[in-house]
Amino acid sequence: MRLQKITLNNFRCFESLSLELHPRLTVLVAENGGGKTAILDGIAIGLSSVLRYLSSADQRLTGPGITDTDFRLETIAGPRGGDRLVTSDFSQIIMQTSDGLTWDNWRASSKGKHPEAKVGHKSLAAYAAEVLDSLKTVKPKLLPVFAYYGTRRGLLAIPKRLRGAKVDYTQPAAALVGALDSFSDFTEMLNWFDVEETAELRANKGSATEDFEESEALHVVREVISAILGGEYSNPY
């Protein structure tokens with residue numbers, strides 16, 4: 001799943017915006033208030049539908065939705081000659097992927113209002129059902145990967161202590177928990193490391209150093225960290 005196009009209708013500062021995304025990298029440049037964050041948040045809201053359809057009874061996945069502050073404000077003539085601001089009738093986000101999936105998220109500002117063209121979730125629901133069914137087979141399909149760094153992610157509070165993980169990391173979609181939250185800290189990452197390293201040490205209890213068997217998941221993460229650091233640090237643990 002690779003996002004190819006996003007359309008924002010009556011979303012924050014945009015009356016109508018269709019943005020084609022590069023398959024590898026898209027850079028947004030604009031003045032303050034130009035809509036960069038609106039586009040990123042719009043993508044997060046649109047991708048929230050993917051999380052919901054990939055949820056199961058064992059792993060509930062959620063993401064942000066359209067809120068009251070997301071409706072575009074329109075200027076209309078007031079009853080006494082002045083202008084006044086009103087919210088648009090609806091706000092809509094349309095997503096399109098490179099493999100042909102198209103869906104939308106929309107919300108009306110008042111009862112009876114709706115977009116002129118609604119896409120729905122038929123193709124997305126079919127895609128998610130296929131992925132979920134494959135997780136029960138010997139050759140599961142790859143889950144989509146999301147990394148969303150909203151403007152509030154600059155607040156990185158490092159927890160002083162761990163209080164036990166609330167996420168069941170054995171579930172296939174565990175990595176998508178909180179993937180589209182606009183604010184997070186290191187707690188979940190540290191919880192995951194704690195669970196994996198405890199299991200790793202328990203599995204190797206009494207083993208000689210040369211017989212130590214790494215956790216497969218931790219081995220991958222340590223290799224990635226070592227590659228990112230480029231040899232500047234010798235201990236990825």
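Modeller: Buried means under 20% relative accessible area, exposed over 50% and partly exposed in between (1.4 Å probe, protein chains only). Helices (H or I, at least four residues) and strands (E, at least two) are DSSP runs, numbered from the N terminus. This is a predicted model, in which local features need pLDDT of at least 70 and side-chain atom pairs count only at pLDDT 80 or more, while totals for chains, interfaces and linings use all residues. Residues are numbered from 1 along each chain as its sequence is written, and side-chain values use heavy atoms, with hydrogens and water left out.

Colleague: Which residue in the hairpin of β1 and β2 takes a positive phi?

Modeller: Strands pair if DSSP finds at least two bridges between them; β1 (residues 3-11) and β2 (residues 14-20) do so in the antiparallel sense over 6 bridges. Asn9 stands opposite Ser16 in β2. Between the strands lie 2 residues, and the positive phi, near 55°, belongs to Arg12.

Colleague: With which side chain does that of Asp70 meet in a salt bridge?

Modeller: Contact means heavy atoms within 4.5 Å; beyond its neighbours within four places in sequence, Asp70 touches residues including Asn10, Ile45 and Ser91. A salt bridge needs a side-chain nitrogen of Lys or Arg within 4 Å of a carboxyl oxygen of Asp or Glu. The partner of Asp70, at 2.9 Å from N to O, is Arg12.

Colleague: How many residues apart in sequence are the parts that this pair ties together?

Modeller: Asp70 is buried at 2%, whereas Arg12 is partly exposed at 27%. Asp70 lies in the loop between α1 and β3 and Arg12 in the loop between β1 and β2, so the separation of the parts in residues is 58.

Colleague: Is Arg222 buried or exposed?

Modeller: Arg222 forms a salt bridge with Glu214, with the closest N and O atoms 2.8 Å apart. Shared partners join Glu197, Glu200, Glu214 and Arg222 into one network. Glu214 is partly exposed at 32%, but Arg222, at 4%, counts as buried.
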